[in-house]
Structures are given as structure tokens and as C-alpha cells.
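Let's take a friendly walk through one structure, stopping at a few residues along the way. Keep the 3D view open as you read.

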There are 2 protein chains.
Amino acid sequence: MRATVLVRPKQGILDPQGEAVETALEHLGFSVSAARVGKLVDIEIDATDPAEARAQVEKMCEQLLANPLMESYEVEIHG
Amino acid sequence: MRATVLVRPKQGILDPQGEAVETALEHLGFSVSAARVGKLVDIEIDATDPAEARAQVEKMCEQLLANPLMESYEVEIHG
């Protein structure tokens, strides 16, 4: 079963990479008012039940994939 | 208008960060058979038409956000 985890810096947390992207896009002539950079993790997980897969992946987020102080996460299960 | 860009390493491209995540998850006791790490960029873009916004963001991907040799990208427009 395939899962995608989206990890984003929480609101209020400084995101220098996002600021750099925003500045670079403006220099390229794009009209952008904000940019935030996070990460995504695609995982192939040994589970047959989507609810079980989601529970597993949420545990992975809490233990390894996201820093709960600074990042929020979102889990998508693709079946 | 808000857009999210998902950038992933292409198939066949080495992804040492993904390998490290997979190993770490296995050490934590999770049953995982693959992990790939990419990035995501949330952008607030000055456009009112979703099709126009998508065209703009695809241009950003080609010019800055993704390396077309090594990465694929996916654009989501949130309206």
C-alpha cells in the first residue's frame, strides 16, 4: 500500500528556504506573494487495510518524519 | 490563489535521503519496502483564473522549482 506524507513548516515558523524561493521567483518576473517549502515522503508500506496503513504512517510521522514542534504533516493513503 | 507543487526524484534516480528514511523506519520496527523523499512548495500566486495560475506555476517548475533531468513535478491549484 502506498502512502504520501506532506510535511510543512508550521505557521509562524521561519522558513528561509521558502523566502529564498519567493525572492528567486520574483526576480524571474513571477507575481508571488508567499512561498513555503516543505518535504514529501512516498512510502511503500506492508499493510492491506487503509485504516491500519494510516495509523502506521501517522506513527512514523511522530517518531521520525516530522518534527512536531516546527512541522505539521498530512497523510494520504493511495491504496 | 494558492498552489502546491510536489517535486519527486524520477524513477531510477538514486535517492540517498529516501534510503536513509527507509532504513531508519525499519530500525524503528516498521514494515516498509521503499521510501522516496521529495519536496513540496506552497505558493500564493497573484492570479484569478485557475488555468492561468496552473500555467504560471508550471513555468516556475521548469525555471526554478524542479530539475527536469532528475525530478518530476505535480501541480495542485487550490483556488
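The notes below cover salt bridges and one glycine.

This is a predicted model. Over all chains, the structure holds 6 salt bridges, and some of them are described here.

**Salt bridges within a chain**
- In chain A, Asp42(A) pairs with Arg2(A) in a salt bridge whose closest N and O atoms are 3.6 Å apart.
- This pair links distant parts of the chain, with Asp42(A) in strand E2 and Arg2(A) in strand E1, 40 residues apart.
- Asp42(A) is buried because its relative accessible area is 10%, under the 20% cut-off.
- Arg2(A), at 34% relative accessibility, counts as partly exposed.
- In chain B, the side chains of Asp42(B) and Arg2(B) form a salt bridge, at 3.5 Å from N to O.
- Asp42(B) sits in strand E2 of chain B and Arg2(B) in strand E1 of chain B, so this pair ties together parts that are 40 residues apart in sequence.

**Salt bridges and two chains**
- Asp42(B) also forms a salt bridge with Arg8(A), and the closest N and O atoms are 2.6 Å apart.
- Because Asp42(B) lies in strand E2 of chain B and Arg8(A) in strand E1 of chain A, the pair joins two chains.
- Both Asp42(B) and Arg8(A) are buried.
- A network of salt bridges links Arg2(A), Asp42(A), Arg8(B) and Glu74(B).

**A buried glycine**
- Gly38(A) belongs to strand E2 of chain A, which covers residues 32–45.
- With 14% relative accessibility, Gly38(A) counts as buried.
- Leaving aside residues up to four places away in sequence, Gly38(A) touches Val7(A), Arg8(A), Pro9(A), Lys39(B) and Leu40(B).

Conventions. Residues are numbered from 1 along each chain as its sequence is written. Chains are lettered from A and ligands numbered from 1 in the order in which they are written. This is a predicted model: local features need pLDDT of at least 70, side-chain atom pairs count only at pLDDT 80 or more; totals for chains, interfaces and linings use all residues. Side-chain values use heavy atoms; hydrogens and water are left out. Helices (H or I, at least four residues) and strands (E, at least two) are DSSP runs, numbered from the N terminus. Buried means under 20% relative accessible area, exposed over 50%, partly exposed in between (1.4 Å probe, protein chains only). Contact means heavy atoms within 4.5 Å. A salt bridge is a side-chain nitrogen of Lys or Arg within 4 Å of a carboxyl oxygen of Asp or Glu.
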